[in-house]
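Here's a quick briefing to read alongside the model. Have a look at the structure first, then go through the notes by topic.

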Amino acid sequence: MFTSSDVLPYAERLIALRQALHREPELGLDLPLTQAKVLAALDGLPLEITTGKSLTSITAVLRGGRPGPAVLLRGDMDALPVQEESGVAYASRIAGTMHACGHDIHTAGLVGAAHLLASRRDELAGDVVLMFQPGEEGQRGAKIMIDEGVLDAAGSRVVAAYALHVAATALPLGLIATRPGPVLAASDSVTVTVTGRGGHGSSPHLAVDPVPALCEMVTALQTMVTRTADAWDPAVLTVGSIHAGSASNVIPSSGTFQATVRTFSAATHAAIRTGVERVVRGVADAHGVQVEIDYEENYPVTVNDAGEADFAYRTMQEVFGAQRAFLAPRPLAGSEDFSFVLDQVPGAYLMLGAVPPGTDPATAPMNHAPQAVFDDRAVPEAAVALASLALARLSR
């Protein structure tokens, strides 16, 4: 295992890297500035490095000193289209772009893990694949990297994969959590367009009004969810956008709403999708309007392998102490494209608290908020956690 003392020689550089990434955040699949910073931070290490073809990913393989299998560690690198309001000295210099989800810490933490593991390379009974990934925030970067061969980068399929995510709220600094089974939700997006016949607000009988149909669809979908999903296998459907018309006295010819759907099992996922389409088409028929449904399945459920989750939990207890590692009682309704990795190989996803001391975790701004603040001290802890998982897993 690694300890906090092991990372001390690297801590200042890792925090400086994190702050440099935070000042120049990038979006999506094309992160040239971020890629360059990470490559520079890895320079000199005994790594086999390849970069992505259709995205600015980095795959680095560290060969162990003894034969054995390969494990994978993931760090996502992309930011969010958010205008920063954190007030930190190293705030984003890029207007409308911010590392509001802590991916800068993930990236710097994985660089730290690379340095730690390289320092004890002779002890590694196998290889470590370091997956520096763009496009986690909606672009399915993990899936693209899988298609480009990241899971087989060491020459054989990795036997386990691990990722860690920092939390700006809920978890005090240094607490680390995981759980077996579903840990994060599947995420779908739905766009529904209703088309009627426009007219004047004074004569609705001469038009086919899409607005009442839109409104009834929204409320009927909420009822459908409560009557379709098992209370112990829940689903969430939230309509975040609805639009029709531009004047109070004009009946528009069409209107649209957009929703997100979160589920935690394949069975409920299928049932909710079927229910959405049934309810929307049924309401449309009742109102005599036409409807188009664009239902996009974004990310599957993030499912931790039971054995790997237990291993990760016990490893974190050994590294950080029993008082700092715990098993989460339930999954979160956020989503993650590390789910694509865990669909292919067993592994575990962990959460690390990064709430600054003196801030109440219960009221701190959440990940993705413009005011989100993540404590720099989470960077070396992420490095220790990831490196320890790889070292311990290869020692089994």
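Let's start with charge: the protein carries 27 positive and 42 negative charges, and their mean positions sit 3 Å apart. Here Lys and Arg count as positive and Asp and Glu as negative, with His and the chain ends not counted; each charge is placed at NZ of Lys, CZ of Arg, CG of Asp or CD of Glu. Keep in mind that this is a predicted model, where local features need pLDDT of at least 70, side-chain atom pairs need 80 or more, and totals for chains, interfaces and linings use all residues. Residues are numbered from 1 along each chain as its sequence is written, and side-chain values use heavy atoms, leaving out hydrogens and water.

**Overall build**
- The C-alpha atoms fill a box of roughly 80 × 45 × 40 Å along the principal axes.
- Among contacts (heavy atoms within 4.5 Å) between residues at least 6 apart in sequence, 82% link residues at least 24 apart.

**Surface and burial**
- Of the 396 residues, 54% count as buried, meaning under 20% relative accessible area, with exposed over 50% and partly exposed in between (1.4 Å probe, protein chains only).

**Cysteines**
- A search of the whole structure turns up 0 disulfides, a disulfide being a pair of cysteine sulfur atoms within 2.5 Å.
- Cys-101 is buried at 8% relative accessible area, while Cys-215 is partly exposed at 41%.
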